[in-house]
Amino acid sequence: IIPAATRFQQQSQNLVTESESFCTTGNITADNLANLKQQWINTNLAWYELLPYRFGPLVNSELLPTYTFIDSYRLRGTDYIASVRTKIDSLLAGSDTLTESTFSSLSFQFVGLLALEVSIFEDAANQSSDTDDIVNEYLTNPRKCEVLTGYATELTRRANITQQGWTTNYRDTHKSYRDLVVDNQLEAVLDDETGDSAIKKITVSVQEYYDYLANRDITLDAAQLSGSIWLALDSALKNTEELLAGTEATELSLNLIMTNNRFEQTVTDVQANIETMRTALDDENTVDMESAARILDGNFKREIPDALDINLGLNFSDGD
């Protein structure tokens with residue numbers, strides 16, 4: 001999880017750098033716009049690695065969860081693109097100075113990856129995806145660059161909060177969320193946190209993610225202007241596979257624990273279900289993807305907890 005949080009932070013910062021470079025005098029060109037678009041896609045792919053872990057630093061506050069300011073769609077499966085377009089129109093038409101606080105004070109549905117996608121992949125005047133139209137709008141309306149860099153800076157601020165929460169300072173405790181949850185200190189230090197084990201939090205959160213995929217129109221609504229939703233879903237699937245199988249940097253894996261507990265068949269079955277999901281993504285088949293997601297949802301509800309010998313002790317729900 002921490003490498004995913006770090007990659008998202010780094011890619012968000014790269015998006016700021018790419019946005020500022022694009023907006024430098026003489027750099028607003030079709031080729032540089034293509035680079036900017038690719039950096040948005042890279043940032044979104046990094047986000048989808050982290051998205052399944054919707055707890056701790058991605059939540060921070062039940063009232064204003066951090067993840068909603070990054071990915072508004074994840075909350076209820078609501079497509080806020082019309083709201084984002086209206087907000088961008090008002091920002092471009094306004095005369096007030098645009099500052100960091102302009103963007104940090106916006107409601108969750110007006111910021112995040114969607115706002116950046118709309119800013120980068122279409123022009124505001126006609127919602128045109130034509131490269132010349134987008135470039136021309138940036139050339140003729142200097143506030144468009146201020147909107148772009150403002151959105152990118154705000155996204156990076158949220159990415160920094162998330163990464164720092166996992167690694168150095170969670171909710172001003174001056175302790176990392178990782179250490180707090182692994183050392184079973186979370187509930188003692190913060191009285192509004194639950195004392196559930198790390199493995200329980202991870203398992204429930206990943207289950208909720210696959211339930212979300214099975215029940216939302218994500219392939220029709222998310223990352224549509226960039227045409228990159230299937231790549232994003234594959235990025236998340238690869239992270240799930242690494243969660244189970246481990247990486248070159250890990251000595252212990254969930255699959256190894258399940259195998260040691262004599263649940264070899266569970267390991268085999270879940271891997272087969274991951275491959276089914278991957279085929280659906282490769283084929284860009286929404287029906288098969290949702291079906292495969294539903295099966296993986298069930299795996300993380302039942303078979304995987306049983307094989308890990310953990311009692312989740314709850315009725316599963318994505319909370320939607």
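**Helix packing and ring pairs in a predicted model**

Residues are numbered from 1 along each chain as its sequence is written, and side-chain values use heavy atoms, with hydrogens and water left out.

Back to the helices, which are DSSP runs of H or I with at least four residues, numbered from the N terminus. Helix α13 covers residues 229-245 and helix α15 covers residues 264-282, and they pack at an angle of about 170 degrees with their axes 10 Å apart; the axes are lines fitted to C-alpha atoms over the stretch in contact, and angles run from 0 to 180 degrees between N-to-C directions. In the contact, which means heavy atoms within 4.5 Å, the residues of α13 include Trp-230, Leu-233 and Leu-237, and those of α15 include Val-270, Ile-274 and Leu-281. By class, this contact of α13 with α15 has 9 nonpolar, 1 polar and 5 charged residues, where Ala, Val, Leu, Ile, Met, Phe, Trp, Tyr, Cys and Pro count as nonpolar, Asp, Glu, Lys and Arg as charged, and the others, Gly among them, as polar.

On its way through the model, α13 also meets helix α11 (residues 198-215), and here the axes come within 12 Å and cross at roughly 150 degrees, which makes α11 roughly antiparallel to α13. Among the residues in this contact are Tyr-209 and Tyr-210 of α11 and Leu-233 and Leu-237 of α13, and the contact divides into 9 nonpolar, 1 polar and no charged residues.

Let me turn to the aromatic rings. Rings of Phe, Tyr and Trp (its six-membered ring) pair if their centres lie within 6.5 Å, with planes under 30 degrees apart called stacked, over 60 edge-to-face and the rest tilted, and the count comes to 14 aromatic pairs. Phe-8 and Trp-47 form a tilted pair, 5.2 Å centre to centre with 50 degrees between the planes. Phe-8 lies in helix α1 and Trp-47 in helix α2, so the pair ties together parts that are 39 residues apart in sequence. Finally, ring pairs link Tyr-73, Tyr-209, Tyr-210, Tyr-212 and Phe-300 into a cluster.

How values were computed: This is a predicted model: local features need pLDDT of at least 70, side-chain atom pairs count only at pLDDT 80 or more; totals for chains, interfaces and linings use all residues. Helices (H or I, at least four residues) and strands (E, at least two) are DSSP runs, numbered from the N terminus. Angles under 35 degrees count as roughly parallel, over 145 as roughly antiparallel, 65 to 115 as roughly perpendicular and the rest as oblique.
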